Amino acid sequence: MATAAPSAASRIAVVTGASSGIGAATARQLAAAGYRVVLTARRKDRIEALEAEINASGGQATAYQLDVTDRSAVDEFASAFRTIGVLVNNAGGALGADPVATGDPADWRSMYETNVLGTLNVTQALLPKLVASGDGTVVVVSSTAGHGTYEGGAGYVAAKHGAHVLAETLRLEIVGQPVRVIEIAPGMVKTDEFAVTRFGGDKEKAEKVYEGVAEPLTADDVAETITWAVTRPHHVNVDLLVLRPRAQASNTKVHREL
């Protein structure tokens with residue numbers, strides 16, 4: 001099936017967490033697909049560099065520094081738009097891998113605020129703009145953690161279950177409106193920052209997550225999947241797409257060549 005070009009009314013795509021990893025890769029691929037991409041993240045220098053890169057390569061990108069957990073800032077950001085076509089809720093992440101008995105409540109709170117409340121903030125603020133486009137798409141980048149538990153991951157698992165339920169419920173509530181709700185749930189993805197951030201900057205511990213795994217997913221793999229889902233004809237909704245590397249059968253079953 002051919003890729004559908006964005007219509008004039010729906011060609012603006014907002015990507016949260018666009019400073020690195022899946023968010024940055026998605027912004028590049030959506031720009032290549034013909035969208036004018038709005039890059040949001042807390043790290044201004046990163047998104048400005050990506051803005052320059054995309055524009056230099058012939059795409060269209062605008063950087064906007066934004067913390068998705070700051071509702072007043074999100075509302076101010078949203079007020080700049082009359083319509084948008086695509087919202088990719090990618091901002092999120094994991095902190096720590098402690099068991100429930102010793103997990104840090106501050107880490108749990110931070111993960112919930114970013115992965116769930118951040119997604120809620122941006123989706124609520126931009127939903128009227130998506131409806132106004134006549135052909136809107138909300139993407140929630142969740143995780144296989146939102147569909148199955150594993151030891152040492154309860155805080156992140158709980159947050160991503162929240163993101164999954166948000167997407168599922170929104171789809172029910174706005175059926176009949178000209179907006180699709182797509183959930184993309186990646187499994188093991190090796191990026192420069194995800195595991196390092198999770199383990200507080202401990203690169204050795206982060207590398208052990210991927211030890212012996214021949215080909216974990218890359219940020220580009222996930223971005224290509226998001227772009228494919230977004231560019232389906234407007235009547236086609238990819239409700240939920242789970243993707244994992246071939247070496248990963250579940251959250252707890254991974255083939256390692258050690």
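Is R46 buried, exposed or partly exposed? R46 is partly exposed, with a relative accessible area of 35%; buried denotes under 20% relative accessible area, exposed over 50%, and partly exposed the range in between (1.4 Å probe, protein chains only).

1. Basis of the note. The model is predicted: local features need pLDDT of at least 70 and side-chain atom pairs count only at pLDDT 80 or more, while totals for chains, interfaces and linings use all residues. Residues are numbered from 1 along each chain as its sequence is written, and side-chain values use heavy atoms, with hydrogens and water left out.

2. The salt bridges of E193. The structure holds seven salt bridges, each defined as a side-chain nitrogen of Lys or Arg within 4 Å of a carboxyl oxygen of Asp or Glu. One of them joins the side chains of R43 and E193 at 2.8 Å, N to O. This pair links distant parts of the chain, 150 residues apart: R43 lies in the loop between strand 2 and helix 2, and E193 in the loop between strand 6 and helix 6 (194-198). Helices (H or I, at least four residues) and strands (E, at least two) are DSSP runs, numbered from the N terminus. E193 also forms a salt bridge with R46, where the closest N and O atoms are 3.2 Å apart. Here the partners are 147 residues apart, with R46 in helix 2.

3. Exposure of these partners. R43 has a relative accessible area of 32% and is partly exposed. E193, at 22% relative accessibility, is likewise partly exposed.

4. E183, in strand 6 (residues 179-186), is buried yet has no salt bridge. The nearest side chain of opposite charge, R171, is 5.2 Å away; Lys and Arg count as positive and Asp and Glu as negative, whereas His and the chain ends are not counted. The side chain of E183 does make polar contacts (N or O atoms within 3.5 Å; within protein, one must be able to donate a hydrogen and the other to accept it, and residues adjacent in sequence count only if both atoms are side-chain atoms). These reach the side chains of S142 at 2.5 Å and H147 at 2.9 Å.

5. Strands 2 and 3. Strand 2 (residues 36-41) and strand 3 (residues 60-65) pair in the parallel sense over six bridges; pairing requires that DSSP find at least two bridges between two strands. Within this pairing, V37 stands opposite A61.
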